[in-house]
Structures are given as C-alpha cells and as structure tokens.
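Please look over the structure below before reading my points. They are meant to be checked against it one by one.

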Amino acid sequence: MPAIPRRLILAAAPALLTLRERSAEAQPVSTATLNLAVSAPPSSVDPHYYTLTPNNALAQHIFDALVHRDAQGRLIPGLAESWRLVDETTWEFQLRQGVRFHNGDPFTAEDVVYTVNRIPKVVNSPGSFVVFTKAIQSMQVVDPHRIRMRTAGIYPLLPADCSQFTIIPRGLGEAPNTGDFNNGKNAIGTGPYRLIAFRSGDVVELERNDAYWGQKPAWQRVNYRIIANDGARTAALQAGDVAFIDAVPTADLARLRTEARIRISEVTSLRSVYLRTDFRPESPYVTGPNGEPIRNPMTDLRVRQALTSAINRPAIADRIMAGAALPTAQFMPPGAYGHVPDLPPTAFDADKARKLLQEAGLPNGFTLTLLASNDRYINDAQVAQSIGQMWTRIGIRTKVDTMPFAVVAQRVARLDNSVSMGGWANSNGEPSSGLRGLLGTRDMEKGWGTVNRTGYSNPRYDQVLEQAMSTNDDAAREKLMQDATRIAAADVAWIPLHVQKNIWAMRQGYTHTPRADEMTLAMDVRPA
C-alpha cells in the first residue's frame with residue numbers, strides 16, 4: 001500500500017521569551033511520567049468489548065496483537081514473528097518465544113486459540129470483533145510457538161485481520177467478565193504497559209512493563225487523561241498540566257502553530273466521517289411536512305441522492321474544519337489501498353436536491369431528526385448542525401440532536417434513530433473491514449454487517465465484496481473493493497462527508513510519530 005503523506009510542523013519561536021519561559025525550556029524532559037490528554041474516552045479496558053478507536057488505542061498499551069501496524073498502516077511483526085501460506089486455505093504463524101504476560105505466564109499458541117474462541121462470546125458488545133475472526137474455521141496448535149489457522153476458502157486478509165484483535169491469557173478462564181478488565185483483575189496482557197487504574201471518563205493510569213519483549217517505551221508511568229472539552233484540553237496543554245494532547249481543536253490550531261513552546265504533529269488519517277440513513281420501511285424520527293406519520297422516504301434512492309447533494313462539503317471542510325478535513329465519497333483517503341480515484345465527492349447542488357425530492361413525490365419535503373455526537377469526532381456537533389441547516393433549506397426540516405458519543409452508540413445499537421453520524425477508522429490499512437462491517441448485509445454467522453445499523457442490503461455488492469475477500473492477488477483484490485465501493489456509492493448506501501486529518505500538539509521538548517490510524521499511543525511520544 002502506498003505510504004500516506006505525513007508532515008511534522010514545528011512552530012517558529014518568537015523573538016522574546018520571558019526569563020521563566022527560558023528557564024523552563026532549558027530543563028530536560030523527565031521520563032518519569034508522561035501526562036497526556038485524549039478527547040474521546042475508552043468505554044472499557046476489555047480489548048474485545050467494542051471495535052472503537054479509543055478502546056483499541058488503550059488496548060495497545062496493555063495488550064498485543066499477533067500482527068502490528070506501523071504509523072502508515074503497513075503490517076509488521078507483533079507477537080507473531082512471521083506468517084506464511086501453507087496452502088490456499090491455511091495460514092501458519094510463527095510466534096515469539098520468551099514472551100510473558102504481566103502475571104508471568106508464558107505466551108503460547110494456546111492463548112491465541114483461547115482469544116479467538118472468546119471474541120464471539122463477549123456479552124453485550126456494541127461492536128463485535130467477530131468481523132476479524134469469523135474467517136477462521138479451525139485452528140491447529142503445531143507446537144507452543146506455532147499455530148495454523150484454516151479458512152473456508154482463499155482468504156488473503158487474515159494477517160491484516162490478526163492486527164485488529166489483541167491476545168489475552170487462557171488463564172483468565174471461561175467467559176472472563178468485562179467488568180474485571182476495568183477493575184484490573186483481568187487486564188493482563190503482554191503489552192508495554194501494565195494497568196494501574198481505570199477511572200471511566202477521567203483517567204487511565206499505566207506503568208511501564210520493564211519485561212516487555214519489544215522496544216521499551218520512554219515513560220515509566222503514563223497518566224492517560226480524558227478531557228473531552230476542546231477548550232479545556234488546549235488550556236491544559238498551555239498551562240503545562242499535560243504535555244501532549246490529541247484532536248487539536250481547529251479553532252485553536254492557527255494560534256498554537258505560532259506558540260514557541262508548542263509543537264504540532266499531523267497526518268492525513270484513515271478515518272472517514274459519514275451519515276447513516278435508515279433503510280427500514282418505517283423510521284422512528286421521520287414524519288411528513290406537518291408532522292403526520294409517513295413511510296420512510298429514505299428508502300427511495302432519489303431522496304438519499306437529495307440528502308447527499310444538499311451537503312456543501314467544501315464549506316464544511318474550509319469553514320468548520322479549518323482545513324483539517326478532505327471532502328470524500330468513500331472510506332479511503334487518496335493514495336491509500338482501495339481508494340477509488342474516479343469517485344469524487346458529491347457536488348453541492350441544492351437545486352438538484354429540490355428537484356429530486358419533487359420527483360420522489362415530496363414537493364413539500366418532510367421532517368427528520370439527525371442524531372450526532374458532541375464529543376467524538378472533530379467538530380462533530382457543528383458539522384451536524386450545519387448539515388441540518390442545509391437540509392432544511394431544501395425543504396427537509398431537520399432537528400439535530402447532539403449528545404455524548406456513549407449515548408449515541410447505545411441508541412444506534414438499538415436502532416433508535418433515523419439518520420446518525422458515524423466514523424470509521426480503517427486501521428488495517430485497507431477498506432474491507434468498513435465495507436464488510438458497515439455496509440455488508442447483516443449476517444452474524446458470516447461475520448458481516450456487524451455494525452450495519454441501517455438495514456442496507458445489496459446482493460450484488462455482497463457478491464463483489466465476497467469475491468474480493470477470496471482473491472489473493474493484491475491488485476485484483478483492490479479493483480474488486482473499488483467496484484464494491486462504486487456499487488455502494490451509487491446506492492447512496494451511506495453518505496460520506498470527509499476524511500479527517502489527525503492533529504496532535506505537545507510541549508517543546510517532546511517529539512511524536514503521527515499515526516494514520518489516529519490512535520494516540522504513549523509509545524509514540526518521546527523526549528526530543
């Protein structure tokens with residue numbers, strides 16, 4: 001996969017600094033403790049509870065996957081030193097020797113079997129990791145450090161899938177409880193840090209695992225604070241309460257670039273932000289223009305086309321996102337594997353949108369509610385409000401409900417919405433997980449549609465994507481994924497908005513490796 005462009009921008013120093021500032025800048029950075037702040041709270045320490053980026057980022061501190069990803073999303077060895085195809089349906093993973101869990105137990109192939117078998121059994125998972133394990137039909141422990149996984153057919157993406165779930169020790173026993181991960185009892189991994197405390201929505205305290213098999217992180221302790229409020233997060237950085245923050249508010253970005261004591265780190269991300277529209281015949285938050293009950297108009301392609309045509313994406317990217325976004329019509333950013341070069345963002349055309357509504361028999365429009373988070377994606381609430389205004393201008397009177405992401409996720413999971421905002425970070429470096437999980441016909445036995453909450457289903461789309469998933473040749477597989485993307489885009493199966501840029505900020509004296517998967521990892525922060 002071509003490398004995604006990245007750049008590290010250092011702020012220019014002003015001509016004068018106060019004596020106190022000069023003294024502070026002259027002091028070396030202590031590696032005793034790193035205080036960092038993230039915008040989005042992890043919902044659990046359980047690494048298999050929810051396929052959510054904040055959860056996965058936290059898990060990478062404590063646990064390990066068989067396969068790792070570098071900052072550009074390329075596969076590199078993790079707990080597996082190497083992997084190879086034995087035959088068309090059998091992958092063999094050679095595991096590292098000498099690796100131990102935090103409790104001293106040795107890591108072996110039996111822990112891999114235990115983990116894969118546990119993932120489908122996680123209780124009340126709002127977004128299951130089974131999408132990454134469902135292809136595994138059987139496992140064979142060849143010896144303590146060699147395991148073979150068999151798939152039903154040709155499945156070239158198994159190493160990529162194995163980068164998306166982390167390994168826990170079989171010593172946790174039958175059906176380990178998610179709550180016991182959060183209280184620390186089950187938070188036993190092979191990762192670079194040990195869990196000291198998890199206070200939901202406040203802070204996660206971590207301590208370096210000095211027995212870690214890989215490169216030792218710089219920091220003895222990490223205070224992984226959650227500061228959802230943009231202004232408070234920036235203020236904490238400027239005051240020195242924290243040394244590093246993610247999701248730099250766009251309103252503060254220009255000013256922070258000019259501050260001598262602040263450095264900016266940024267990269268085009270693998271996260272696309274989009275809207276989901278309900279495909280059910282009846283939808284709970286849709287009514288006629290005067291509030292009367294009607295059948296769901298969004299089942300009509302012309303209405304979905306009107307909704308997407310009414311959105312002025314360049315205006316959102318420029319005015320609301322302050323340039324920290326790229327308008328898109330698909331999951332992957334330009335230059336990434338699976339990106340469709342001839343699929344541009346839907347052009348803004350309000351007149352066309354009104355005409356489409358009229359053709360659909362809705363000259364007076366209808367009313368709906370747009371559900372969005374106010375603490376998950378960059379400027380999510382502002383983006384949602386602007387879209388609500390755009391839709392209202394073409395005759396779709398839109399109420400915008402914004403609330404914490406934790407509440408939005410629960411409502412979306414129980415289908416209590418008509419249109420909602422979402423985001424998908426293709427952290428495995430290619431689009432298959434989003435194409436399967438979000439847009440594939442929901443089939444839990446197959447592991448498809450695990451987070452398809454809209455009811456979208458197109459047999460032709462499924463067929464093309466299925467063919468892609470069983471194609472070993474990288475170029476041929478990419479073309480099929482591009483074809484699947486085109487089918488879904490023609491259906492307006494979802495309404496892509498933009499690809500985010502990942503932007504972090506830190507105090508002078510620190511350096512950072514920006515990641516395209518947007519994960520904020522203490523291991524990527526080092527003294528300058």
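**Notes on the model**

1. The protein chain exposes about 20600 Å², of which carbon and sulfur atoms supply 49%. Accessible areas come from the Shrake-Rupley method with a 1.4 Å probe, and for residues only the protein chains shown count as cover.

2. This is a predicted model, in which local features need pLDDT of at least 70 and side-chain atom pairs count only at pLDDT 80 or more, while totals for chains, interfaces and linings use all residues. Residues are numbered from 1 along each chain as its sequence is written, and side-chain values use heavy atoms, with hydrogens and water left out.

3. The secondary structure of the chain comes to 15 helices and 23 strands. Both are DSSP runs numbered from the N terminus: helices are H or I with at least four residues, strands are E with at least two. The radius of gyration of the protein chain is 23 Å, close to the 24 Å that the globule rule gives for 528 residues, so the chain is as compact as a globular protein of that length. That radius is taken over C-alpha atoms, and the globule rule is 2.2 Å times the number of residues to the power 0.38. Along its principal axes the C-alpha trace spans about 65 × 65 × 40 Å.

4. Of the 528 residues, 59% are buried. Buried means under 20% relative accessible area, exposed over 50%, and partly exposed in between (1.4 Å probe, protein chains only). Among contacts (heavy atoms within 4.5 Å) between residues at least 6 apart in sequence, 70% join residues at least 24 apart.

5. The largest nonpolar core has 89 residues, and Leu66 and Phe93 touch the most other members. Such a core is a set of buried Ala, Val, Leu, Ile, Met, Phe, Trp, Tyr and Cys residues joined through side-chain atoms within 4.5 Å. A second, separate core of 45 residues includes Leu362, Leu370, Phe405 and Ala409. Leaving aside neighbours within four places in sequence, the contacts of Phe93 include Val67, Trp83, Ile147 and Leu158.

6. In what order do the strands of the open sheet of 4 strands stand? The order is β6-β7-β9-β8, with antiparallel pairing; two strands pair if DSSP finds at least two bridges between them. β6 (80-87) and β8 (136-143) stand at the edges with a single partner strand each, so one side of each is left without a neighbour in the sheet. Neighbouring strands are turned by 20° against each other on average, direction ignored. β8 is joined to β9 (residues 146-151) by 6 bridges, and Asp143 stands opposite Arg146 in β9.

7. Helix α3 (residues 109-118) lies across β7 (90-95), β8 and β9, at about 165° to β8. Axes are lines fitted to C-alpha atoms, for helices over the stretch in contact, and angles run from 0 to 180 degrees between N-to-C directions. In α3, 8 of the 10 residues are buried, so the helix is largely enclosed by the rest of the structure. Its buried residues, among them Val112 and Tyr114, pack against β7, β8, β9, β10 (166-167) and α5 (178-182).

8. Strands β11 (residues 193-199) and β12 (residues 203-208) pair in the antiparallel sense over 6 bridges. The bridge partner of Phe198 is Val204 in β12. Between these strands the hairpin has 3 residues, and Gly201 takes a positive phi near 75°.
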